[in-house]
Amino acid sequence: MFIYHKERPLEELGNGVSRRVLACGGSMMAVEVTFAEGAVGPLHHHRHEQLTYVLSGRFAFTIDGETREVGAGDTLYKAPDVVHGCVCLEAGVLLDTFTPQREDFL
């Protein structure tokens, strides 16, 4: 399957955050999330495993009560049901991979 970025709809989530589901199938999903400087990804948890790859920008991520600064090229792993969130320190883009798929994003 080939998926073209320009054909994937962009969803404005508000407060400087937008999301684009890039691909989904089987038990995996890839999602691009764009943050304006100062935008917040509120603390939350879900049943899915999640990998986040920082494409650009700088973020303060909190995972399971620990906060660290990350930037382009860094990767974060979030186990199922672990509380996590972020604050965008410098406008950037994240690539999130979920398994199973986030049905609430479709």
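User: How should I read the accessibility of a residue, and does G41 count as buried or exposed?
Analyst: Relative accessible area sorts residues into buried (under 20%), partly exposed (in between) and exposed (over 50%), using a 1.4 Å probe and the protein chains only. G41 has a relative accessibility of 15%, so it counts as buried. Please note that this is a predicted model, in which local features need pLDDT of at least 70 and side-chain atom pairs count only at pLDDT 80 or more, while totals for chains, interfaces and linings use all residues. Residues are numbered from 1 along each chain as its sequence is written, and side-chain values use heavy atoms, with hydrogens and water left out.

User: In which element is G41 found, and which residues does it touch beyond four places in sequence?
Analyst: Strands (E, at least two residues) and helices (H or I, at least four) are DSSP runs numbered from the N terminus. G41 lies in strand 4, which covers residues 40–44. Contact means heavy atoms within 4.5 Å. Once residues up to four places away in sequence are set aside, G41 touches F35, G85 and C86. The C-alpha atoms of G41 and F61 are 9.0 Å apart, although 20 residues separate the two in sequence.

User: How many helices and strands does the whole protein have?
Analyst: The protein has zero helices and eight strands. The radius of gyration, taken over C-alpha atoms, can be set against the globule rule of 2.2 Å times the number of residues to the power 0.38. Here the radius is 13 Å, close to the 13 Å that the rule gives for 106 residues, so the protein is as compact as a globular protein of that length. Of its 106 residues, 39% count as buried. Among contacts with a separation of 6 or more, 61% join residues 24 or more positions apart.

User: Which residues does R19 contact, leaving aside its neighbours within four places?
Analyst: R19, in strand 2 (residues 17–25), is in contact with P9, L10, E11, L13, V31, E32 and F105. Its relative accessible area is 12%, so R19 is buried.

User: What backbone features occur at N15, D81 and P100?
Analyst: N15 has a positive phi of about 55 degrees although it is not a glycine. This residue sits in the loop between strand 1 (11–14) and strand 2, and it is exposed, with a relative accessible area of 74%. D81, also not a glycine, has a positive phi of about 65 degrees and is found in the loop between strand 7 and strand 8. P100 is joined to T99 by a cis peptide bond with omega of about -10 degrees, and P100 belongs to the segment after strand 8.
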